[in-house]
Amino acid sequence: MKSIKDQVRLFGMTTLQIESSKKKVEKNYNLSLSPKKNLRKDNTYYPQFDEVIRNKAKIMSEHYEVFYCLENSIRQIIREVMTKNFGNAWWENAVDQNIKQEVQKRIQKDQDSGFTLRSEDNLDFSNFGELSSIIEKQWQLFDDIFTTKNAMKKVMASLNTLRGPIAHCCDLAEDEILRLQLTIKDWFRLMS
């Protein structure tokens, strides 16, 4: 039996899946089932971009939004489980040294840029592969959340591959959009 916390998390992830399906229906039938968002676009420069590029950006923004929620919910799961089992110093005491070094390099790069640091949390500097490694290394703490380690690794590897074009502003081929939807379903199945 899943804990209340796990059930709420699963409910939230299912809601994201429903929202994604709703957007697909809106697109396929040229409907608007959601209230218009008041997005602030730079009206000085945005209209100067080619309309084809703007339309592709709108389509890709849907995939980015889903992936943003997914990746951050994975971080949240890791943070909660690790804090529960190792306390607030879990990063220092329970994460592989190689991951900590790579994260420190990214933090230093952000600091050297002179821009605002993206986060105060080391986990937010961890890439997708590192998130998977953290779960895998501490599997005994996560085995009640996910069905099997091998399935988790496979789904995380697929998500990592699909993340590339989304994070780097490339179009997703129609097959990859389908693959993303199926892989997200696989993710939810892992947690049931």
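Two exercises with worked solutions follow.

This is a predicted model, in which local features need pLDDT of at least 70, side-chain atom pairs count only at pLDDT 80 or more, and totals for chains, interfaces and linings use all residues. Residues are numbered from 1 along each chain as its sequence is written, and side-chain values use heavy atoms, with hydrogens and water left out.

**Exercise 1.** Work out what span helix α2 should have, and compare it with the distance between its end C-alpha atoms.

Solution. Helices are DSSP runs of H or I with at least four residues, numbered from the N terminus. The expected span is 1.5 Å times one less than the number of residues. Finally, look just beyond the helix, where G87 takes a positive phi of about 80°.

**Exercise 2.** Determine how α5 is oriented relative to α7.

Solution. Begin with the axes, which are lines fitted to C-alpha atoms over the stretch in contact, with angles running from 0 to 180 degrees between N-to-C directions. Helix α5 (residues 128-137) packs against helix α7 (residues 149-167) at about 170°, their axes being 9 Å apart. The pair is therefore roughly antiparallel, a term for angles over 145 degrees. Contact means heavy atoms within 4.5 Å, and the residues that meet include F128 and L131 in α5 and M152 and M156 in α7.

Note on methods. Helices (H or I, at least four residues) and strands (E, at least two) are DSSP runs, numbered from the N terminus. Angles under 35 degrees count as roughly parallel, over 145 as roughly antiparallel, 65 to 115 as roughly perpendicular and the rest as oblique.
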